[in-house]
Amino acid sequence: MEHPASRIRCSVGVTAHNEAANIGALLDALTNQHLYQAEISEIIVVASGCTDDTVPIIERKLAEDERIRLIVQPRREGKTSAINLFLQAATEAICVLESGDTLPREDAVEHMVRMFADPNVGMTGAHKIPVNTPDHIVGLFSHLRLRMEHELCLEIPRLGEMIAFRKVFDQIPPDVAMDEAFVEALVVKRGMQVRYAPDAVVFNTGPDTVSDFVRQRRRNHAGHLYLQHKYGYQVSSIQNGRVLKIALKEILGAIRLVYTLFLMAFLEGYARVLGWYDFKVKQDRHVVWDMAWTQKADVGAEAQRRLGAQDTAPMATTTNL
């Protein structure tokens, strides 16, 4: 497949503080993005006050891809300070900003950047998915919160972790802690659109302890309140009515799940009693099945009908094997 003659070039910025466990995989993911309409011209990593092997790992990656550049910040001065260093160094009009503790899917940059073909778009954001399994209560909190945030973003974007934006400003004020929200405010103020890219998946690890979960949510809410107080911008997640609506949807879904499980358990038990009666009393082994006729259908046609507007390409590929 040929690439279009003119692609949307972007600068990618990564902010990192002691990310030795992830930074190598993150840079590999960025340098191996599947791109068609987008093009990554440079990847600028700002390493702030790192005391682990973050910087040596990045330096080794410099030799593997000439697009990677490193800015070392001797002291950790906050994420906003690191972002401002990236903005000073970035050469493209479209910037992608990602946290050093995340990992983008191979098509994340493409899905975000190609939206800027529309001149009205000023900012896009990725779909965050936690990788830590919800096998404990805090992991479940992270999954549930991000699922609710995804539903909220489908209605009104609330972007973070990995964003792309037009470089219509030189820096972020140093007193701002919630950088993504401030970029969103600037874009909206300039009359441009903020769009959510649900197919641009970025993976991260949610908090594993109650104290870390509270610490994260506390700092985020304080930062959003400050943004609202000083700059008059209210992010969607602070609009309690919308959040409550989505929470009620989750509650109703949980109630329906519990009801379904109880009903399924009852029917399973009832069926087993009948099966025991057939075997013990009637001595019927069901060699010739009593058919469940609703199972007889054109499986491919039924699957396409149920999937509707969703992408059926994987199913079609399987059929052609």
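Glu 39 is partly exposed, with a relative accessible area of 24%. Here buried means under 20% relative accessible area, exposed means over 50%, and partly exposed lies in between (1.4 Å probe, protein chains only). The model is a predicted one, in which local features need pLDDT of at least 70 and side-chain atom pairs count only at pLDDT 80 or more, while totals for chains, interfaces and linings use all residues. Residues are numbered from 1 along each chain as its sequence is written, and side-chain values use heavy atoms, with hydrogens and water left out.

Glu 39 takes part in salt bridges with Arg 9 and with Arg 7. A salt bridge is a side-chain nitrogen of Lys or Arg within 4 Å of a carboxyl oxygen of Asp or Glu. For Arg 9, the closest N and O atoms are 3.1 Å apart. This pair links distant parts of the chain: Arg 9 sits in strand S1 and Glu 39 in strand S2, 30 residues apart. Strands (E, at least two residues) and helices (H or I, at least four) are DSSP runs, numbered from the N terminus. Arg 9 is partly exposed, because its relative accessibility is 38%.

For Arg 7 and Glu 39, the closest N and O atoms are 3.8 Å apart. Arg 7 lies in the segment before strand S1 (8-16), and Glu 39 in strand S2 (residues 38-48), 32 residues away. Arg 7 has a relative accessible area of 26%, so it is partly exposed.

The whole structure holds 10 salt bridges. One of them joins Glu 64 and Lys 61, at 3.5 Å from N to O. Glu 64 is exposed, at 56% relative accessibility. Lys 61 is buried, at 13%. Salt bridges with shared partners join Arg 7, Arg 9, Glu 39 and Glu 92 into one network.

The interior was examined next. In soluble globular proteins, nonpolar side chains tend to be buried together. A nonpolar core is a set of buried Ala, Val, Leu, Ile, Met, Phe, Trp, Tyr and Cys residues joined through side-chain atoms within 4.5 Å. The largest such core has 33 residues. Cys 10, Val 12, Ile 23, Val 109 and Met 162 have the most contacts inside it. Another core, of 23 residues, lies apart from it and includes Ala 90, Leu 97, Ile 163 and Phe 169.

Helix H8 (residues 240-280) contains Leu 267. Leu 267 is partly exposed, at 46% relative accessibility.
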